[in-house]
Amino acid sequence: MGPPGERDEVWFTSLYAAEYAHIVRYGLRRLGDSDASAELAQEVFVVAWRRRGEVPDRSLPWLYGVARRLLANQWRSRRAAPDVLPIADADLTQVADPSGADTTVGIADIRAALATLNDLDQEVLRLVGWEELTVSEAAQVLGCTRATAAVRLHRARRRLAVAMSSRPVRTSRPLLATAREEL
């Protein structure tokens, strides 16, 4: 992207075009509202323009860090948790249970287990799982060293596994049969 002296409107336009969709998806996964996530992305890019001399060449983790801090400021000011995304039964996937039996684990189950974790555990799991960042990039977003982020990720994964193993097992029924029974 070039040295800070070359960070003009053309630089910003290319940054915006390359990363805007990533920032909107980041916000959408945390806010559950497309308008609010688009507004968050706009705020992130306002900060990027103002602080364009500080934006590294590998800008996505830096932009995620800005988005994370903006969200934290919003949540602190509201003193309320963000809205939970509604999850439909159509989001269910099949995975193998540790016992060897197939059970249905849906996005709702994962979100419920994730919600039992503290905010830092949730964020490091989201950064690596949803945003597909490396541990080093997640460390940059979280403002810590790579080693600290790796330890946090390891512990968060272990806590998530415990939370998932303590969830009630649901029986797997075909989606169409469920829909017919409700009619």
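Start with helix H5: 8 of its 11 residues are buried, so H5 is largely enclosed by the rest of the structure. Buried here means under 20% relative accessible area, exposed means over 50%, and partly exposed is in between (1.4 Å probe, protein chains only). Helices (H or I, at least four residues) and strands (E, at least two) are DSSP runs, numbered from the N terminus. Select the buried residues of H5 and you get Asp121, Gln122, Glu123, Val124, Leu125, Arg126, Leu127 and Val128. Now step back to the start of H5, where a side-chain oxygen of Asn118 comes within 3.1 Å of the backbone nitrogen of Leu120.

A quick word on ground rules: this is a predicted model, in which local features need pLDDT of at least 70 and side-chain atom pairs count only at pLDDT 80 or more, while totals for chains, interfaces and linings use all residues. Residues are numbered from 1 along each chain as its sequence is written, and side-chain values use heavy atoms, with hydrogens and water left out.

**Zoom out**

Colour by secondary structure and you'll find 8 helices and 2 strands. Followed along the sequence, the pattern reads α-α-α-β-β-α-α-α-α-α. Of the 183 residues in the chain, 34% are buried. Contact means heavy atoms within 4.5 Å; among the contacts in the chain with a separation of 6 or more, 61% join residues 24 or more positions apart.

**Into the core**

Which residues touch the most other members of the largest nonpolar core? Select Ile23, Val44, Ala48 and Leu63, out of 42 residues in that core. The term covers a set of buried Ala, Val, Leu, Ile, Met, Phe, Trp, Tyr and Cys residues joined through side-chain atoms within 4.5 Å. Elements giving two or more residues to this core are H1 (9-31), H2 (34-50), H3 (60-78), H4 (107-115), H5 (119-129), H6 (135-142) and H7 (146-165). H3 gives the most, with 8 residues.

Centre on Ile23 next. Leaving out residues up to four places away in sequence, Ile23 touches Ala41, Val44, Phe45, Leu60, Leu63 and Tyr64.

Then hop to Leu71 in helix H3, which is buried at a relative accessible area of 1%. Beyond its neighbours within four places in sequence, Leu71 is in contact with Tyr26, Arg30, Leu31 and Leu40.

Ser37 in helix H2 is another buried stop, at 1% relative accessibility. With residues up to four places away left out, Ser37 touches Val24, Gly27, Leu28 and Leu31.

**Rings and charges**

Show the aromatic side chains. Rings of Phe, Tyr and Trp (its six-membered ring) pair if their centres lie within 6.5 Å; planes under 30 degrees apart count as stacked, over 60 as edge-to-face and the rest as tilted. By this rule there are 8 aromatic pairs. Pick Tyr20 and Phe45, a tilted pair at 6.3 Å centre to centre with 35 degrees between the planes. Tyr20 lies in helix H1 and Phe45 in helix H2, so the pair ties together parts that are 25 residues apart in sequence. Tyr20 is partly exposed at 24% relative accessible area, whereas Phe45 is buried at 2%.

A charge sits over a ring if NZ of Lys or CZ of Arg is within 6 Å of the ring centre and within 35 degrees of the ring normal. Arg30 lies over the face of Tyr26 at 3.7 Å from the ring centre, and Arg52 lies over the face of Trp49 at 3.9 Å.

**Last two stops**

Select Arg7, in the segment before H1. Is Arg7 buried or exposed? Arg7 counts as buried, at 7% relative accessibility. The side chain of Arg7 reaches the backbone oxygen of Val55 at 2.2 Å and makes a polar contact with the side chain of Asp57 at 3.3 Å. A polar contact is a pair of N or O atoms within 3.5 Å; within protein, one must be able to donate a hydrogen and the other to accept it, and residues adjacent in sequence count only if both atoms are side-chain atoms.

Finish at Glu132, in the loop between H5 and H6. Glu132 is exposed, at 65% relative accessibility. Phi of Glu132 is near 60 degrees, a positive value in a residue other than glycine.
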